[in-house]
Every structure is written in structure tokens, then in C-alpha cells.
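Please look over the sequence and the model shown here before reading on. The briefing that follows goes through selected features, grouped by topic.

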Amino acid sequence: MIFLKILATSIVLGAGHSGGVFAPSLYIGAMTGGFVGSVVHALFPSLTASPGAYALVGMGAVVAATTHGPITAILIIFELTGDYSIILPLMLSCIVSTFISTYLKRGSIYTIKLERRGLSLRRGWEETLLKSARVKEIMHRDFPSVPEDLPREKILSVFERAPHSYILVLDSRGELSGLISFHDLRRVLFSEKPFTARDIATRKVVTVTPEDDLFTALSRMARLGVSQLPVVATEGSRRVVGMISLKDIMAFQERELAKRYLPGVRET
């Protein structure tokens, strides 16, 4: 009956019908606990309680695990029985089952559908928003870049016209080989020794892809202490397709926030 109930509930819910989730949890828990209680009571009749007590504890454990609500499960089962002697094993089983279920699966039966859609009740609305948007939606496809052999004077000229604080360095194949920031340029600005873009570029460049979410991009910027990241075609690729900045992410967040709380902004 345990496995038949699981199968029947799965078929009904998978077909798009309303088969319930709370009542099946009670039934599956009761049948599982009753089965275990029957076996244990048959082996040790003088040391164990009746199978009915095991059924109640199993019912509470499964409900706590599926809903991630141990207190709710404890109160419901206690209201059904009104027996204080069952409280201790009930509390223990509900807490243990909740810890195990949250370790195996973050969402409960009520929130797992939202998790699949990228929505989380545990995170703030801002984090959910950033995780639901992709880098390709706001990245800039025009970005300043220089070849590796560009001399000092021309590097300075590019920085004067560049709207960003970083310049990408591309190799002969047009792929990303490094990045020049104001910090890199300041180290050699007053040096009389000639240099090229290859000589002063930072080689280890952290990138994102167009399919990465904005929260990933923002996290990488915060970890590195930078305000911009190159966007490459795919993970592991060196072909640059755009640039994303902290300013772009903040502007996107402000626009979405205004749409949410200021309906008139949507129309204008």
C-alpha cells in the first residue's frame, strides 16, 4: 500500500490533476510507521509500543520532511491523539526527518515548483531578480580593445576615448589574452622604458558568458573588487562578445524595482 499510494499520487500529480500532497504524506507516513511498528512489535513485544504508536510517529515524520515544518507536524499529530507519552519520539522523529530532507532537497512540496521557476522564498526579491536575468540581456556589445603589440602612446590615446575603465587586449586571432586597467597603466606611466599592451596586461582575466545570470556576474565582481567583466561566447572560450559592468547591473535592478513598486513607470 505504501508504494501503491506513492505511485498513484505521482501519476495524478504528473498528469496535471489535483491529487493533494498533504493527505498523501499523512497516509504514506502512517502506513510506513505502522509496518515498522508491526515488525518491531512482533520481534520485541515486551519492549516496544503498539504498531499504532509507530504509525503516528511515522505520519509526523513524513509530514515534517515533505513540508519542512516540524512544529506543524508535531502539533497536528498531538491534536489527533492528545497523548503526552508520544511527544518525545514524535519530536525526535520530526526534527531528524526535517534535517535529512532539507539536506537532500532544499525545497518543500509547497516551494519546489517555485524553485524550478527560479523563484525562492529564502532569498530576497533582489537576488531572485538577478538570478532570473541573463548577462546577454544587458551587456554592451561595443567595448574598447587593443592588439597585444600596441605601443605606449596609442594605449594612452585609447584610454582617453574609452568609456570604460578597462581595455581588453586581444591576440592575433582576436581572442582575449589580457586586460589593462588604470592600475596596470599607473605602474608604468612614468617609466621611460617603452612597453606594449602585452607587457602591462593582466593575464588572468575572470569572465562570464551570455547565459550566466546577473547574480553570478555581480558575485564575481564583488569577489575580485572590479566594476567590469568581459563576456565570452561560451565557458572556456576566449572570444569576447561583450562587456558587462556594475553600473549596468545596478541600472537594471533599479528599473525592475521601479516597475514593481511604481506602476506608472512601466507605461512611460
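Predicted model: local features only at pLDDT ≥ 70, side-chain atom pairs only at ≥ 80, totals over all residues.

- Helix H1 covers residues 2–14, which makes 13 residues, and helices (H or I, at least four residues) and strands (E, at least two) are DSSP runs numbered from the N terminus.
- From its first C-alpha to its last, H1 reaches 18 Å, close to the 18 Å expected at 1.5 Å a residue, the expected span being 1.5 Å times one less than the number of residues.
- H1 is followed by Gly 16, which has a positive phi near 95°.
- Lys 5 lies over the face of Tyr 27, at 5.5 Å from the ring centre; a charge sits over a ring if NZ of Lys or CZ of Arg is within 6 Å of the ring centre and within 35 degrees of the ring normal.

**The largest pocket**

- The largest pocket holds about 680 Å³ of space, a volume being the space filled by probe spheres set on grid points that are joined across faces, edges and corners.
- On a 1 Å grid over the protein atoms alone, a pocket is an open set of points with protein on both sides within 12 Å along at least five of seven lines, whereas a cavity is a set where a 1.4 Å probe fits but cannot get out; lining residues have an atom within 4 Å of a point.
- The lining of the largest pocket has 27 residues, of which Leu 13, Val 21, Ser 25, Thr 66 and Ile 109 lie nearest its centre.
- Two or more lining residues each come from H1, helix H2 (22–43), helix H3 (51–67), helix H5 (87–104) and helix H6 (112–116), and H1 gives the most, with 5 residues.

**Loops between helices**

- His 68 lies in the loop between H3 and helix H4 (70–81), and has a positive phi of about 55° although it is not a glycine.
- Most residues other than glycine have a negative phi.
- Arg 106, in the loop between H5 and H6, is partly exposed because its relative accessible area is 48%, given that buried means under 20%, exposed over 50% and partly exposed in between (1.4 Å probe, protein chains only).
- The C-alpha atoms of Arg 106 and His 68 are separated by 9.2 Å, with the two residues 38 apart along the chain.

- Ser 237 lies in the loop between strand S4 (228–232) and strand S5 (240–245), and counts as buried because its relative accessibility is 18%.
- The side chain of Ser 237 reaches the backbone nitrogen of Arg 239 at 3.1 Å.
- Ser 245 lies in strand S5 and, at 9% relative accessibility, counts as buried.
- The side chain of Ser 245 makes a polar contact with the side chain of Asp 248 at 2.9 Å; such a contact is a pair of N or O atoms within 3.5 Å, where within protein one must be able to donate a hydrogen and the other to accept it, and residues adjacent in sequence count only if both atoms are side-chain atoms.

Note on methods:
Residues numbered from 1 in each chain as written. Heavy atoms only, no water.
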